[in-house]
Amino acid sequence: MTYIAIEAQHLSLRQEGKTILDDISLAIPAGAVVGLVGRNGAGKSTLLRCLAGLNEPTGGKASLLDCPSLDLSDAVRERLGYVAQTPDLFEWMGVAEHLELVGKAYPKWDLHRCLALAARLDLPIGKRIPHLSAGEKQTLSVVLAMAHHPDVLLLDEPVSNLDPLARRQFMRSLFDDEDGERTVLISSHILSDLERVVSHLAFIREGKLQLFDTWDAILEHYRLMTFTTELPPQAIVCARKTERICVVDTRRAPQHAAQGRPLTLDELFVELNA
Ligand SMILES: Nc1ncnc2c1ncn2[C@@H]1O[C@H](COP(=O)(O)OP(=O)(O)OP(=O)(O)O)[C@@H](O)[C@H]1O
């Protein structure tokens, strides 16, 4: 039976009088690859940090593999990989030393896998950290997060500095057969990359979870159509009523299933943030 690998229950975070996460509830089944999308400042990094136990929420709770994020057991830590938006590297070290140091912290560290991944992603093993480009630093963070065969991966814009070839290689490496079932939550603004790999999408806006659904369901059932008052309100995903445009989940309005047209992920993003 599928279990919930990543969970947020009524997660909220207020900082300096501002609401950053607003009552987010999300249950991600094991094996899902979830794209986390939203505009700049929507709260994606903060949500990932709360899930990883790096930020303490002011309300609600987060858990990974059934373990509270704020009190992760060593066993769960060993099954987790996290890539921060800004790589957190030791500037005085070299790439090889980094791999060795982090490897010692993980009993399941796989040197063969680490070197294979580094080669596949063109990581210059011999360089020192200050001499790495932004993309190379990001690649190193990815290798560090993945070489111990994590079951859960939290990835905060891991490909933003990578060129298209490196991005493709990285996306492929997420699905290495040898790793079996892995749950991934990945934030990215590069929607075309997400389209190729995700099973689910989570849209976040101003700290609120707007939408969480499978990509297949979005493709099959979501339609962009003219807004009319005949549409059942519960079927309307979002609407620009002044322009008489809305997105409808036709599972909740089967009588309107032939109206309008399907949307691309880019279009859905625009409508949800209009
Ligand atoms: N320490 C902090 N104190 C106050 N506000 C903060 C703090 N950290 C982040 N914020 C605010 O929280 C909001 C969410 O930030 P977050 O970094 O989670 O967004 P994001 O969706 O990851 O954005 P981006 O796509 O630009 O990376 C932003 O408005 C940001 O300014």
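Start with the open sheet: four strands in the order 12-13-11-14, paired in the antiparallel sense. Strands here are DSSP runs of E, at least two residues long, and helices are runs of H or I, at least four, numbered from the N terminus. Two strands pair if DSSP finds at least two bridges between them. Strands of a sheet pair through backbone hydrogen bonds, either parallel or antiparallel.

This is a predicted model: local features need pLDDT of at least 70, side-chain atom pairs count only at pLDDT 80 or more, and totals for chains, interfaces and linings use all residues. Residues are numbered from 1 along each chain as its sequence is written.

**The sheet and its helix**

Select 236-240 and 261-262. Pick Leu 224: its bridge partner in strand 14 is Arg 261.

Next, select 265-272. Helix 9 lies across strand 11, strand 12 and strand 13 (245-249), at about 60° to strand 11. The angle is between N-to-C directions, on a scale from 0 to 180 degrees, with axes fitted to C-alpha atoms, for helices over the stretch in contact.

**Thr 183**

Select 183-187. This is strand 8, and Thr 183 is in this strand. Is Thr 183 buried or exposed? Thr 183 is buried, because 24 other C-beta atoms lie within 10 Å. The cut-offs are 20 or more for buried, 12 or fewer for exposed, and partly exposed in between, with C-beta atoms placed from the backbone. Leaving aside residues up to four places away in sequence, Thr 183 touches residues including Ala 5, Ile 28, Gly 31 and Val 152. A contact means C-beta atoms, placed from the backbone, within 7 Å.

**The whole chain**

Zoom out. The chain has nine helices and 14 strands. Its C-alpha trace spans about 65 × 40 × 40 Å along the principal axes. Of its 274 residues, 36% count as buried.

Key:
Two residues are in contact if their C-beta atoms, placed from the backbone, lie within 7 Å.
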